[in-house]
Amino acid sequence: MGVKVGLIGAGAMGRRHLQALARDSRVDIVGVADTVADAAKTAAESVGAQPCRDLAALAGLGVDAVFVTLPNVYHGPVVLEALDRKLHVFSEKPMATTLEAGRQIRDQVRRNRRVYQMGFNRRWAPAYRFLRRHVEDGFVPFSANVKMNDGDMLTPAWFSDPKISGGFMYDTGIHLLDLVRWLLGPIQEVRCLTRSSCYPDQDDAVMLLRFTSGALVAFSSCGHATWTGPLERIEFYGDHTAIVTDGFERLTHTPGRDQPAVTQDFSAIPVPDRLGYAPEVRAFLQGITDGRPGGPTAEDAFRAVECVDACYRSAAAEGAPVRLA
């Protein structure tokens with residue numbers, strides 16, 4: 001018998017994860033919950049599951065694990081309830097929209113020893129894993145430029161409402177804040193400036209990150225950039241070497257001074273794998289089998305929330321430095 005899985009939050013991201021789960025023979029999708037009955041019904045029917053209203057109803061179906069794909073502000077309380085019910089949890093980012101809720105989740109995971117995995121899909125994307133291998137093989141980035149943009153903040157409808165999203169950086173920038181920490185190690189200090197340009201939320205952010213390794217990263221994020229790609233990009237600079245990514249599709253490595261650049265193209269990889277969604281689901285399921293997290297942990301998730309919180313605190317102080325380590 002497979003792992004009995006439920007999902008709460010039948011929006012676009014929830015449906016994406018249902019597609020990945022439906023392709024895995026280890027899974028029995030038993031229920032899909034959403035407060036909008038029609039959304040739960042449509043999503044549940046697409047995978048042969050039962051529609052539900054809330055987590056209690058999902059738990060009543062005997063699920064072993066739950067995917068939490070709700071609007072950001074609800075992640076904290078629903079994940080805590082799931083952990084109280086002794087369920088394994090895959091949570092979309094962010095872990096929570098406050099440090100206190102993040103600490104509660106981290107501590108609860110430590111106590112009840114259930115598998116908790118954060119949905120930082122970039123860690124599984126082939127382009128970024130290729131970059132990670134270069135770092136592991138000895139490439140040392142001294143500085144970097146990073147960008148993470150959105151074309152608009154209209155979809156989903158709550159995106160531009162910081163009371164629900166937690167703030168623009170909790171929804172978008174947190175992905176690459178986690179990614180550069182995964183690639184470069186702990187962040188020591190952040191400085192951040194923000195402004196509200198086109199939306200009620202602070203939809204432009206410029207950050208300077210200092211790492212304990214000494215590396216410096218300039219990071220910009222925009223919520224009104226149009227859909228002209230690439231929407232995300234990493235440029236790492238070492239000792240007369242460089243690695244540059246163009247979204248999920250390409251990575252170019254210049255191995256040395258006066259040496260030709262080599263480009264890896266990932267565009268032919270199917271989208272669920274190229275964007276990391278399918279492999280992160282597989283890793284979560286394997287983690288349940290192995291009894292330990294197969295991907296980004298509660299500690300990783302908390303450190304990302306901590307970094308976003310520090311950025312907002314710096315912005316509130318007109319870019320004053322905020323130390324993390």
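Visitor: Let's start with Phe67: buried or exposed?

Guide: Phe67 counts as buried, at 0% relative accessibility. Buried means under 20% relative accessible area, exposed is over 50%, and partly exposed is in between, with a 1.4 Å probe and protein chains only. Before we go on, this is a predicted model: local features need pLDDT of at least 70, side-chain atom pairs count only at pLDDT 80 or more, and totals for chains, interfaces and linings use all residues. Residues are numbered from 1 along each chain as its sequence is written, and side-chain values use heavy atoms, with hydrogens and water left out.

Visitor: OK. How many aromatic pairs are there in the whole structure?

Guide: A search of the whole structure turns up 7 aromatic pairs. Rings of Phe, Tyr and Trp (its six-membered ring) pair if their centres lie within 6.5 Å; planes under 30 degrees apart are stacked, over 60 edge-to-face, and the rest tilted. One of the pairs is Phe67 with Phe90, which is stacked, at 4.7 Å centre to centre and 20° between the planes.

Visitor: Where do those two sit?

Guide: Phe67 is in strand E4 (residues 65-68) and Phe90 in strand E5 (residues 88-92), so their pair ties together parts 23 residues apart in sequence. Helices (H or I, at least four residues) and strands (E, at least two) are DSSP runs, numbered from the N terminus. Phe90 is buried as well, with a relative accessible area of 0%.

Visitor: And what about Phe67 with Phe284?

Guide: That pair is edge-to-face, because the ring centres are 5.3 Å apart and the planes are at 90°. Phe284 belongs to helix H11 while Phe67 is in strand E4, so this pair links parts 217 residues apart in sequence. Phe284 also counts as buried, at 0% relative accessibility. Phe67, Phe90 and Phe284 form one aromatic cluster.

Visitor: Switching to helices: at what angle do H1 and H11 pack?

Guide: H1 (residues 12-22) and H11 (residues 277-290) pack at about 65°, with their axes 9 Å apart. Axes here are lines fitted to C-alpha atoms, for helices over the stretch in contact, and angles run from 0 to 180 degrees between N-to-C directions. That makes H1 roughly perpendicular to H11. Angles under 35 degrees count as roughly parallel, over 145 as roughly antiparallel, 65 to 115 as roughly perpendicular and the rest as oblique.

Visitor: Which residues make the contact?

Guide: On H1 they are Met13, Arg16, His17, Ala20 and Leu21; on H11, Tyr277, Ala278, Glu280, Val281 and Leu285. Contact means heavy atoms within 4.5 Å.

Visitor: What does Leu21 touch?

Guide: Not counting residues up to four places away in sequence, Leu21 touches Val5, Val27, Ile29, Phe67, Val281 and Leu285. Leu21 counts as buried, at 1% relative accessibility.

Visitor: New topic: how many residues of H4 are buried?

Guide: Helix H4 (residues 75-84) is mostly covered, with 7 of its 10 residues buried. Those are His75, Gly76, Val78, Val79, Leu80, Ala82 and Leu83. They pack against strand E1 (3-8), helix H3 (55-60), E4, E5, helix H5 (99-112) and strand E6 (116-119).

Visitor: Last one: where is Thr97?

Guide: Thr97 lies in the loop between E5 and H5. Thr97 is buried, with a relative accessible area of 18%. Leaving aside neighbours within four places in sequence, Thr97 is in contact with Asn72, Val73, Ser165, Gly166 and Tyr170.
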